[in-house]
Amino acid sequence: MERNIFKLENDQLKEIALSLRQKVEEGLAKDGQEIQCIPTFITPKSTNINGKALVLDLGGTNYRVATVNFNNDKPTIHPENGWKKDLSVMKTPGFTRNELFKELADPIGEIKREQEMPIGYCFSYAAESLPDGDARLLHWTKGVHIKEMLGQPVGKPLLDYLNDRNTPGFTSIKVLNDTVASLFAGLTDSSYDAYIGLIVGTGTNMATFIPAEKITKLPSSVQAHGPIPVNLESGNFHPPYLTTVDDTVDACSDSHGMQRFEKAVSGMYLGEILKSTFPLDEFEEKFDAQKLTTIMNYPDIHKDKYVQVAHWIYNRSAQLVAASLAGLVSLLVSYNKDIKKVCLVAEGSMFWSINRKDKDYNVLVMEELEKLLNELGIGDVKVHVNKMNNANLIGTAIAALS
């Protein structure tokens with residue numbers, strides 16, 4: 001391929017950043033917008049965190065269980081990185097809620113507990129936060145379709161299921177998105193002016209704290225003050241300057257017209273973009289970002305045209321993530337001109353992927369972000385990536401103990 005159809009110029013990236021900012025403002029003003037901006041009604045503690053919580057972390061493919069013990073704001077996780085389980089079976093057609101609950105409950109029996117404790121449930125799908133700390137499932141993503149759970153509370157039925165089968169039981173459950181969990185984990189360092197949680201893995205999303213008075217769609221019955229954690233559901237952003245190849249990937253997906261940003265950026269779809277660029281060539285059926293990065297990292301055993309296009313797709317993904325971050329930072333600064341130092345807690349296999357022949361993904365994102373902040377006239381704002389081990393587990397435990 002002679003021309004890089006995935007190349008984005010500075011002006012285009014700036015336009016994408018400003019488009020995201022506008023769509024976030026629309027989502028804060030009204031329900032049902034492209035970027036949903038879902039408020040989370042959990043006020044996280046940033047100091048005086050003490051106690052022990054059971055944490056469940058359900059991601060795009062994997063599931064983890066751990067106990068997190070906070071002692072004077074310092075977390076200890078047991079087992080060290082959580083008890084892990086592959087849960088790709090969730091994507092099986094006809095998979096039921098009861099089958100999911102059984103899968104979720106199995107590892108909990110492996111963890112020794114002497115006392116009742118609260119549960120923090122990190123649930124990385126679009127769910128509306130409820131005032132009691134539970135959440136209602138809005139829609140599935142990442143190839144999961146358990147229809148009977150749509151529109152239903154996520155936490156309470158699981159809590160009842162676990163309490164019927166476990167002694168000692170559990171006192172309560174708080175449900176939050178994985179991006180919000182990453183956001184909360186950042187609070188363990190209080191030296192920043194603003195915080196952003198970012199996921200770029202199987203899927204992608206962002207979360208941040210928004211002043212309550214800026215979330216004008218909040219009903220008057222909700223007495224909210226100060227900063228509110230907001231799950232943007234930014235994977236559904238439809239940025240300008242996508243290509244005809246992106247349109248093909250979207251048309252062939254099971255969520256046509258939705259998650260357009262995610263389909264241009266995240267691990268689940270980057271391999272599909274490569275396949276769709278060469279529609280007459282034969283590829284393996286399951287072709288995700290891991291396969292794409294393998295082509296980049298081992299060019300000697302792959303066709304030159306695949307290697308070249310894999311780099312283009314990888315680089316564009318990083319550019320788009322940088323543009324989305326720039327748009328969000330510019331919005332936060334418009335609310336508070338004193339913001340100069342932003343903590344970015346970034347999670348996900350794509351964000352921390354390695355590019356052996358060029359700059360790693362996280363480096364590409366941060367270099368592009370710095371350029372864009374200058375373009376937007378806020379170059380004095382510095383964004384620091386905080387690479388935390390087990391950010392999801394720590395942030396979810398904070399929610400359970402708050």
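Q: How many of the residues of S3 are buried?
A: The model is predicted: local features need pLDDT of at least 70, side-chain atom pairs count only at pLDDT 80 or more, and totals for chains, interfaces and linings use all residues. Residues are numbered from 1 along each chain as its sequence is written, and side-chain values use heavy atoms, with hydrogens and water left out. Helices (H or I, at least four residues) and strands (E, at least two) are DSSP runs numbered from the N terminus, and buried means under 20% relative accessible area, exposed over 50%, partly exposed in between (1.4 Å probe, protein chains only). S3 is mostly covered, and of its 10 residues the number buried is seven.

Q: Which residue stands opposite Val65 in S4?
A: Two strands count as paired if DSSP finds at least two bridges between them. S3 (residues 62-71) and S4 pair in the antiparallel sense over nine bridges. Along this pairing Asn62 stands opposite Asp86, and the residue of S4 opposite Val65 is Trp83.

Q: Which residue in the turn between S3 and S4 has a positive phi?
A: S3 and S4 form a hairpin, with two residues between them. The positive phi in the turn is about 55°, and it belongs to Asn72.

Q: Is Val175 buried or exposed?
A: Val175 is in strand S8. Leaving aside neighbours within four places in sequence, its contacts include Ile42, Tyr121, Phe123 and Val154. Its relative accessible area is 2%, which means that Val175 is buried.

Q: In the open sheet of six strands, what is the order?
A: The pairing is mixed. S1 (38-39) and S13 stand at the edges with a single partner strand each, so one side of each has no neighbour in the sheet. S9 (residues 194-200) and S12 run parallel and are joined by six bridges. The order is S1-S11-S10-S9-S12-S13.

Q: What is the hand of the β-α-β unit made by S12, H10 and S13?
A: S12 (residues 341-347) and S13 (residues 382-385) pair in the parallel sense over four bridges, with Val342 opposite Val383. A crossover is right-handed if, with the strands pointing away from the viewer, the path from the first strand over the helix to the second runs clockwise. The unit made by S12, H10 and S13 is right-handed.

Q: What is the relative accessibility of Ser182?
A: Ser182 lies in helix H4, which lies across S9, S10, S11 and S12 at about 140° to S9. Leaving aside neighbours within four places in sequence, Ser182 is in contact with Gly197, Ile199, Val345, Glu347, Ala391 and Asn392. Ser182 counts as buried, because its relative accessibility is 0%.

Q: How far apart are the end C-alpha atoms of helix H9?
A: H9 (residues 304-335) has 26 of its 32 residues buried, so it is largely enclosed by the rest of the structure. The expected span of a helix is 1.5 Å times one less than its number of residues. For H9 this should be 46 Å, and in agreement with it the end C-alpha atoms lie apart by 48 Å.

Q: Which residues does UniProt list for "domain: Hexokinase C-terminal"?
A: The entry is unreviewed; UniProt positions are given in the numbering used here, feature names are shortened, and annotations may be inferred rather than shown by experiment. The record lists residues 196-276 and 305-401.

Methods:
Contact means heavy atoms within 4.5 Å. Axes are lines fitted to C-alpha atoms, for helices over the stretch in contact, and angles run from 0 to 180 degrees between N-to-C directions.
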